[in-house]
Amino acid sequence: MNNFSYVRAADIDGALRLAAQPGAAFVAGGTNLVDLIKGGVAQPRVLVDITRITALGQIQEMAHGGVRIGALASNSDLALHPLIVSGYPLLSQALLSGASAQLRNMATVGGNLLQRTRCYYFYDAGFERCNKRQPGSGCGARDGYNRIHAVLGGSEQCIAVNPSDMCVALAALDAVVEVRSVRGTHRMPIADFHRLPGDTPQRDTNLGAGELITAVELPPNRYAQHAHYLKLRDRASYAFALVSVAVGLEMDGDRVVAAGLALGGVAPKPWRLVDFETALRGHRLAEVDLAALAAAALAGAKPLEYNRFKPELARRALVRAVRVAAGLEEA
Amino acid sequence: MSNDEEDPKNAALSRRLFLQTAGAAAGGAVMPPMLLAAAAPAVAIADAASVSLTLEVNGSRHDLRIEPRVTLLDALREQLQLTGTKKGCDRGQCGACTVLVNGRRINSCLSLAIMHQSDRITTVEGLAQPDGSLHPLQQAFLAQDAFQCGYCTPGQLCSAVGLLEEHRRLGPGAAALTDSAIAESMSGNLCRCGAYTQIRAAIRDVAAADAGTAAGAGGDVS
């Protein structure tokens, strides 16, 4: 574990100033960063502790009915907050399906957005080839053990999967990420926050150097009554998703008024299914061929040697999750 | 606390850090032994600026000097000699290092000690009463034979204390803790001996006793 210096920020402006130092990284829950430092994958020179910035911890209703979630809200506090439990059950379910109770107590919303992949070849610095960890070194996963890897959205350089459950729900809910820098505040739709690897797999997100996530905003939710997060994994608990599905439906009787759908575990970022949503909108579920829509959603899948099961698992998971969200099937 | 030069504990720590760093350097590149011996201290010690920290553990305040990279787990075990908290995987996967910070359970192996200035920390050593009488969960673990080798037990106990507190916070209207809810909520604590059934039973017993007390029933639930 490399050594580093440590500074504690008193407020957001102070944090941004401190983060301008070379090799600086923000730390809050530390559940991912400290682990990466131990493994030699991250080697910050300065850690800027933002946990004492109380303004970043709040969860509150916004004037137009949405919810603003401070970046320091813990995963557990957020999952159990009355505004989320009653208004955004999809987010609550996704959060509670992730990690363990201890880790959820530590991990923050901002950190979860920046959670790095669990690709073995990235996480273990003993492997020589990883374009994400060491640009230009190659990809160990493409011709290696690629069971957990992407079938959608990958590139020749990288097929690592985003491991977050929270982010899959945020994608289905059209969340917006609020970012502060010394230049001011700007907002990014969640769909634009994470990047596909392309030729620059070392960059997971569009967050700039020295920028700080200050909040996540949820628009007023139409899916409170019909939502389901389905997570499929190797154990019943405390494991990353092989495939997950976030579904939110607004129903008028058995007719779909609006839908939000995203897949996790299959791509380098939460995989929003806009065509599937459009096809559901305005239709009675009984008239819709869910299996055909699921097949279309996975039509571009490019499985590799060890993850050939993923497209079929994802297709079935999609059908089931939509039916559960609509109340046609038990969870 | 005495200064670094005089304190044999800190001297030992410095030696070990030196050896670890020297070892890491040796693993990374082939270097002549003389050059390695000369180069290593500059990397290890010059960068190892210690910082002052006060930790409140089990009701007592401790002043220490540590490097920023020292985890809460290592500070507890190696500086405060509170070795009840165990180091299992050291990567946040097994839960053996679970402690309570301000009443909430966390993995102390993934948390930097320096970030816990003025936090209230409880380890397994702090669960019993000052007169030695055991915490109800400790009693229940004994009654249910909820361990074999015991290595995961301190983490299981602290995690279970956190679980019951989380359940209390949900208020009187919360659903009773079922076995599957306990299993889900305790999934961050691995038990290599496989005492899960007994661990669940012990937690269920204490949860039932809590519920009885809260309802004013005062039933004899052991």
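**View 1. Chain B as a whole.** Of the 222 residues of chain B, 38% count as buried, where buried means that 20 or more other C-beta atoms, placed from the backbone, lie within 10 Å of the residue's own. This is a predicted model, in which local features need pLDDT of at least 70 and side-chain atom pairs count only at pLDDT 80 or more, while totals for chains, interfaces and linings use all residues. Residues are numbered from 1 along each chain as its sequence is written, and chains are lettered from A and ligands numbered from 1 in the order in which they are written. Chain B holds seven helices and five strands, helices being DSSP runs of H or I with at least four residues and strands runs of E with at least two, numbered from the N terminus. Along the sequence these elements follow the pattern α-α-β-β-α-β-β-β-α-α-α-α.

**View 2. The largest nonpolar core.** A nonpolar core is a set of buried Ala, Val, Leu, Ile, Met, Phe, Trp, Tyr and Cys residues joined through C-beta atoms within 7 Å. The largest one has 156 residues, and among those touching the most other members are A:Val48, A:Leu90 and A:Ala169. Helix H9 (residues 166–172) of chain A gives the largest share of this core, seven residues. Domain 1 (5–52) and domain 2 (226–325) of chain A both contribute residues, so the core lies between them; the domain bounds come from an automatic or database domain assignment. Leaving aside neighbours within four places in sequence, A:Ala169 is in contact with A:Leu90, A:Leu91, A:Ala94, A:Tyr229 and A:Ala246, contact meaning that C-beta atoms, placed from the backbone, lie within 7 Å.

**View 3. Strand S11 of chain A and its partners.** Seven of the 10 residues of S11(A) (residues 255–264) are buried, so this strand is largely enclosed by the rest of the structure. Strand S10 (residues 243–252) of chain A runs antiparallel to S11(A) and is joined to it by nine bridges; two strands pair if DSSP finds at least two bridges between them. A:Gly248 stands opposite A:Gly260 in S11(A), and in the turn of the S10(A)–S11(A) hairpin, which has two residues between the strands, A:Gly253 has a positive phi of about 65°. The hairpin of S11(A) and S12(A) has six residues between its strands, and there A:Gly265 takes a positive phi near 80°.

**View 4. An open sheet in chain A.** Five strands form an open sheet in the order S4-S5-S8-S6-S7, with antiparallel pairing. Strand S4 (59–61) and strand S7 (184–189) of chain A are the edge strands, each pairing on one side only.

How values were computed:
Buried ≥ 20, exposed ≤ 12 C-beta atoms within 10 Å, placed from the backbone. Contact = placed C-beta atoms within 7 Å.
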